[in-house]
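Please walk through the model shown below, strand by strand and then contact by contact. The terms are given with their cut-offs as they come up.

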Amino acid sequence: MPFFKFSSMSSSMRVTIGSTLFAFASSGFLYLIPPQPATPWIRSAFRLWQGHAYVVVVKYPLAEIEAARLYEDGKPLGPANSDPQEITLQGKGLYRFYRETDETVPVLMFSSSDNTDPNTNGRKYTIK
């Protein structure tokens, strides 16, 4: 008998099959959702590293990280790829994107333009 009646199955078997079919169908719909670009806003808390330097993990494509620029309230900071010691000691908007060998996401080390705490200075930081 190639087919058997759905009603002849036990209720637990029907729930199992129904749940499995629902899982397959709903996961298939995920392919219809277009991929979202990386968010340009940094929304996480900044962690004080040393001196004027703060660090934060950023969600940004690794392939584009070399060309990424940091902005404070729409004004560019920099220069980019500054020396970590200079960011720590001098600050004044210097920044650097890097990725540790054991990490899969980039990290931003930076200082605000006036060396204030970016967690409390009320400014918005974006990556473009």
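L48 stands opposite Y54 in strand 2, and Q50 stands opposite A53 in that strand. Strand 1 covers residues 47–50 and strand 2 residues 53–57, and they pair in the antiparallel sense over three bridges. Pairing here requires that DSSP finds at least two bridges between two strands. The two strands form a hairpin with two residues between them, and G51 in the turn has a positive phi of about 55°.

This is a predicted model, in which local features need pLDDT of at least 70 and side-chain atom pairs count only at pLDDT 80 or more, while totals for chains, interfaces and linings use all residues. Residues are numbered from 1 along each chain as its sequence is written, and side-chain values use heavy atoms, with hydrogens and water left out.

The protein chain has two helices and seven strands, arranged along the sequence as α-β-β-β-β-α-β-β-β. Helices (H or I, at least four residues) and strands (E, at least two) are DSSP runs numbered from the N terminus. Of the 128 residues in the protein chain, 27% are buried; buried means under 20% relative accessible area, exposed over 50%, and partly exposed in between, with a 1.4 Å probe and protein chains only. Among contacts with a separation of 6 or more, 54% come from residues 24 or more positions apart, a contact being heavy atoms within 4.5 Å.

E72 lies in strand 3 and R123 in the loop between strand 6 and strand 7, so the pair ties together parts that are 51 residues apart in sequence. A salt bridge is a side-chain nitrogen of Lys or Arg within 4 Å of a carboxyl oxygen of Asp or Glu; by this rule there are two. The other joins R123 to D114, at 2.8 Å between the closest N and O atoms. Shared partners join E72, D114 and R123 into one network. Within it, E72 is buried at 6% relative accessible area, whereas R123 is partly exposed at 25% and D114 is partly exposed at 33%.

N121 is in the loop between strand 6 (107–110) and strand 7 (125–127). A polar atom of the N121 side chain lies 3.0 Å from the backbone nitrogen of R123. The N121 side chain also makes a polar contact with the side chain of Y125, at 3.0 Å. Polar contacts are pairs of N or O atoms within 3.5 Å; within protein, one must be able to donate a hydrogen and the other to accept it, and residues adjacent in sequence count only if both atoms are side-chain atoms. Leaving aside residues up to four places away in sequence, N121 touches E72, S112 and T116.
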